[in-house]
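Here is a protein model to look at.

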Amino acid sequence: MLRRSLLVGAVGSLVVASLPDEAAAAPADPLAGMTLEEKVGQMFVGYVYGDNATAPAAADAAANQAHYGVASGAEVVQRYHLGGVIYFSWSHNLANPPQIAALSNQLQAAARADTGIPLQISTDQEGGIVTRIGAPLAVSPGNMAIGATQDPLNALGAARISGEELLALGINVVDAPVVDVNTNPRNAADGPRAFGDRTAQVSLFGAAAVAGYRLAGIGAQAKHFPGLGDTTVNTDNGVAVTNETRAQILATHVPPFRAAIAAGVPSIMAAHIVAPALDPSGAPASLSRPIVTDLLRRQLRYDGVVITDALDAAALAGIPQAKIVLDAIDAGIDQLLMPADPPAAIQAVLDAVAAGTLKESRIDESVRRILRMKRELGLYRRGDVSTAPVVGTPEHLRTMATIAARSITKLRGGGIPLAAGARVLVTGWGVGTTQTLTDALNARGVTATRLWTGSPSAAVIAQAVAAAATVDAVVVTTNNVWADATQVALVKALVATGRPIVAAAVGGPYDLASFPEVPGFLAAYGYQPVSLTALADVLVGRADAPGRLPVTIA
């Protein structure tokens with residue numbers, strides 16, 4: 001492991017040393033000539049609706065009109081001088097690679113015509129369970145799967161490939177890696193999004209991922225500071241609180257951010273977690289000066305861009321929007337992600353400057369960081385991306401498949417491999433998961449049938465039990481059964497049939513603890529096709545399961 005650490009450190013140093021000199025690509029004083037409105041706009045990262053920035057579909061134009069007062073993404077960028085746009089499938093930005101590339105070109109053209117400052121374009125392409133763009137891209141099996149390989153070079157390789165493919169689509173910042181230490185098995189925010197529950201390993205793998213993204217030339221974003229690993233609540237859905245002591249947080253959760261900073265991460269996302277030991281006021285970290293300025297800026301000496309998590313999150317629902325954005329800026333935040341009402345949020349900042357309660361020099365401080373990041377990422381020199389981008393190359397796909405194969409972990413070996421020619425029922429969690437796994441098994445000489453149960457009712461469990469009676473073995477997929485008693489009931493009913501049962505956890509591996517009676521148990525750490533294909537290979541005996549648990553299961 002020491003050799004790996006030295007190698008990753010050397011690669012990170014090499015990447016930092018080889019960053020392009022962009023000094024000539026931007027003005028000597030990048031703020032010269034910028035209006036206050038343009039500077040404030042640079043601090044906001046929002047979403048726009050539509051697969052086309054100038055001619056969106058009618059429904060997308062109506063959604064933009066309702067959210068921003070204009071119809072197209074290009075008009076949004078120009079009216080509000082946005083510093084960044086984040087892509088989602090639900091906002092209809094991510095249909096296919098040529099469309100994504102064309103949208104990126106259109107949005108960049110709008111930014112060039114407005115301020116001349118290139119646009120930050122981002123998406124949450126973490127891999128595994130948080131994957132915004134699937135095939136034909138080469139998709140990573142996800143952080144915990146990579147952690148299970150016990151090789152940080154896999155973190156570097158997966159990040160480099162993902163970064164190269166995103167850049168081909170005009171996406172110049174990836175909202176990854178997650179560097180939280182997943183110490184709480186019932187963590188609804190992280191789970192398999194984390195590399196593991198051991199601080200040293202997460203630090204090493206997180207730094208390797210940052211180095212991989214830098215090799216690709218894309219901006220990385222370490223998240224979620226000061227760490228979400230001890231929580232149970234996802235801040236998208238409610239208030240998350242950690243009751244760990246300051247010493248525990250600094251020893252367990254902060255070191256991976258320190259490692260990411262040492263690796264040259266250009267951006268860090270501040271979480272909405274409440275950490276009373278770090279800020280007794282109870283303010284969320286994203287709005288906390290003791291956490292953002294005192295801890296991240298001063299103690300960790302980070303002078304890169306700090307962005308909030310999404311400001312429309314349920315964790316902030318009880319706070320007025322003007323207070324959210326102004327408290328975030330006071331805390332030391334540079335970029336404000338996805339406020340619930342962007343025009344009103346922007347106006348709140350402008351009004352505060354006009355009233356003298358917020359100094360323009362404070363705005364300048366953040367904008368200088370943002371423009372420096374854009375310059376160092378080479379955005380001023382980048383032209384349009386190809387509208388026929390090359391992604392999902394055989395080499396890239398092969399590398400991701402190899403990483404996934406090395407991640408599959410055999411926690412109990414009963415019934416593995418399945419007998420040649422066996423009749424197998426594939427059942428359990430995941431509509432697409434059960435179908436993909438069934439197809440993969442059938443392609444490998446097993447006669448597999450499928451019964452998706454999801455979170456099953458008693459009647460559906462009875463169907464599964466009846467189906468199990470007609471086959472030689474059962475493969476049941478599970479995902480976070482600690483939060484779903486119906487999945488537990490399904491597995492126990494299947495075990496009671498007496499048929500050989502193999503359970504496969506396609507989320508966190510913690511499901512193992514709920515099923516001491518299941519003789520065969522595999523951990524795949526995710527449900528992307530690349531992981532399910534690797535899982536099928538292990539089930540039929542084509543491959544071993546060399547992965548090792550990156551977390552502790554009680």
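This is a predicted model: local features need pLDDT of at least 70, side-chain atom pairs count only at pLDDT 80 or more; totals for chains, interfaces and linings use all residues.

Residues are numbered from 1 along each chain as its sequence is written, and side-chain values use heavy atoms, with hydrogens and water left out.

Reader: Which element gives the largest share of the lining of the largest pocket?

Author: On a 1 Å grid over the protein atoms alone, a pocket is an open set of points with protein on both sides within 12 Å along at least five of seven lines, a cavity is a set where a 1.4 Å probe fits but cannot get out, and lining residues have an atom within 4 Å of a point. The largest pocket is lined by 43 residues, with Arg 132 and Asp 236 among those nearest its centre. Helices (H or I, at least four residues) and strands (E, at least two) are DSSP runs, numbered from the N terminus. The largest share of this lining, three residues, comes from β5.

Reader: Which element gives the most to the lining of the largest cavity?

Author: The largest cavity has 16 lining residues, including Glu 126 and Tyr 213. The elements that give two or more residues to this lining are α6 (143–148), α7 (152–168) and α8 (199–216). With four residues, the most comes from α7.

Reader: How far apart are the end C-alpha atoms of helix α14?

Author: The expected span of a helix is 1.5 Å times one less than its number of residues. Helix α14 (residues 360–376) has 17 residues and should therefore span 24 Å. The distance between its end C-alpha atoms agrees with this, at 24 Å.

Reader: Is Gln 150 buried or exposed?

Author: Gln 150 lies in the loop between α6 and α7, and its phi is near 65 degrees, a positive value in a residue other than glycine. Buried means under 20% relative accessible area, exposed over 50%, and partly exposed in between (1.4 Å probe, protein chains only). Gln 150 has 18% relative accessibility, so this residue counts as buried.

Reader: What is omega for the cis peptide bond that joins Phe 225 and Pro 226?

Author: Pro 226 is placed in the loop between β5 and α9 (246–253). The bond from Phe 225 to Pro 226 is cis, and its omega is about 5 degrees.
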